[in-house]
Amino acid sequence: MIVLGFESSCDETACALVEDGRLIAEHIASQADLHSLFGGVVPELASREHLRLIHRLHQRVLDDAEISPQDIDVVAAARGPGLLGSLLVGLSYAKGVALACDVPLIGINHLQAHLLVAELEQPVTYPALGVLVSGGHTQTVLMESALQYHVLGKTLDDAAGEAFDKAAKALNLPYPGGRLIDILGQNVPPDRSLFPRPYIDNDNLDFSFSGLKTAVSTFIDQHPHLRLKSMPASPDATMLESFPHELKVVCSSLMWSIADALRIKVERALKRTPEVQSIIVAGGVAANSRIRQTMGELAREHNLAFHVPRPAFCMDNAAMIAYAGWKWHAAGYQHALNIDAIARGGKIPDDMIRVNTDTEKCLAEHFA
Ligand code: KG4
Ligand code: ZN
């Protein structure tokens with residue numbers, strides 16, 4: 001069973017092939033350099049880039065895996081949440097391929113795919129607690145099985161990735177700055193009094209990062225010498241190493257505030273879900289070294305299995321889309337060709353068609 005997957009929900013165009021649950025080819029084209037000129041993703045440019053790149057990436061994965069279009073059994077594409085124009089390019093292209101190859105199409109919930117990709121590396125024992133941290137989302141999810149979800153907590157405003165990216169912007173680091181903050185803050189002890197751990201003095205499972213974002217911007221305004229004089233285009237490790245220690249402490253302290261706020265809420269979620277066997281941390285921000293370390297320690301303390309995909313699988317990618325397509329197809333589901341793309345903030349409808357009635361009915365409670 002070979003699934004062809006497309007990802008185009010933001011600024012990464014990607015295409016991958018998964019055969020019987022194993023990744024056999026993937027190509028990703030990041031548009032980060034283009035958008036960094038504007039300090040963030042420009043939606044119309046992103047859509048045009050997806051349109052320009054998607055066919056080339058599709059050809060490359062077929063060439064790499066030495067398969068022909070007739071070998072494809074299922075086509076999967078991210079259908080949301082994400083930038084609408086970007087999603088429409090990938091989803092429409094996938095519809096065309098499904099139609100041309102006369103195979104089923106499955107539209108994938110991008111957030112669910114981020115969590116499911118952990119299974120591509122290691123078998124996961126369920127129930128699991130999913131911790132999804134990305135540029136647009138921060139959520140804890142009770143995963144009763146691979147395809148059955150229940151959202152426990154979510155951010156009330158900004159996502160953790162947004163706090164990283166806005167702090168980087170205030171420091172005059174190029175977009176998306178989360179990765180650079182991580183490199184700068186690694187191996188530097190944090191100053192725990194510098195920034196608050198946001199939204200922890202309550203008894204709920206939700207998150208809020210807008211206050212922290214403001215606290216960091218205010219701190220940098222009050223210490224303008226921290227801001228780089230000119231934005232380096234693509235700083236390498238040597239250049240980052242040469243940056244002032246004080247700047248590195250800011251990065252390390254921000255990482256600590258975010259990682260510790262996550263730890264407090266995840267620990268609280270674990271108390272309410274004693275049935276959980278493992279923790280999965282996923283999404284772009286799961287590439288962060290301090291978050292990986294903090295969540296790993298938490299899992300060990302609670303005697304739980306710990307899954308955090310390799311950084312390339314944390315970022316937006318098509319392996320996760322093809323894998324989720326393989327999972328849903330194996331469970332007997334597909335979509336009609338009139339499936340819609342869902343913009344960020346929209347609710348993903350429960351519109352899969354169950355074609356194999358022998359399988360158990362699986363319902364992902366849709367989270368967006
Ligand atoms: O999952 P993703 O690729 O796209 C979304 O679906 O949002 O996540 C992108 C986010 C950006 O905010 C980026 O700055 C952040 O992930 N990010 C990181 C790191 N690598 C990527 N944040 C902190 N530390 C990192 N190492
Ligand atoms: Zn994502």
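In this predicted model, Asp-182 touches Met-255, Ala-287, Asn-288 and Ser-289, leaving aside residues up to four places away in sequence. Asp-182 belongs to helix 7, which covers residues 178–185. Although Asp-182 is buried, no salt bridge is assigned to this residue. Arg-292 carries the nearest side chain of opposite charge, 7.6 Å away, whereas a salt bridge requires a side-chain nitrogen of Lys or Arg within 4 Å of a carboxyl oxygen of Asp or Glu.

**Zinc site**

The zinc ion (ligand 2) is coordinated at 2.1 Å by NE2 of His-110, NE2 of His-114 and OD of Asp-316. The spacing of these donor residues along the sequence is H-x3-H-x201-D. His-110 is part of helix 4 (residues 110–116), while Asp-316 sits in the loop between helix 12 (311–314) and helix 13 (319–330), so the pair ties together parts that are 206 residues apart in sequence. Around the zinc ion (ligand 2), the 4 donor atoms subtend angles of 94 to 144 degrees, and the arrangement is therefore irregular. For a tetrahedral assignment, all angles would have to lie between 85 and 135 degrees.

| Residue | Relative accessible area | Class |
|---|---|---|
| His-110 | 6% | buried |
| Asp-316 | 14% | buried |

**Domains**

The domain assignment divides the chain into domain 1 (2–116 + 316–367) and domain 2 (122–308). Their C-alpha centres are 26 Å apart. Contact between the two involves 23 residues of domain 1 and 23 residues of domain 2.

How values were computed:
Residues numbered from 1 in each chain as written. Chains lettered and ligands numbered in written order. Predicted model: local features only at pLDDT ≥ 70, side-chain atom pairs only at ≥ 80, totals over all residues. Heavy atoms only, no water. Donors = N, O, S within 2.8 Å, 3.2 Å for Na, K, Ca; no water. Tetrahedral: all angles 85-135°; square planar, octahedral: opposite > 155°, others 65-115°. Helix = DSSP H or I, 4+ residues; strand = E, 2+ residues; numbered from the N terminus. Buried < 20%, exposed > 50% of the residue type's maximum accessible area, 1.4 Å probe, protein only. Lys, Arg positive; Asp, Glu negative; His and termini not counted. Contact = heavy atoms within 4.5 Å. Domains from an automatic or database assignment.
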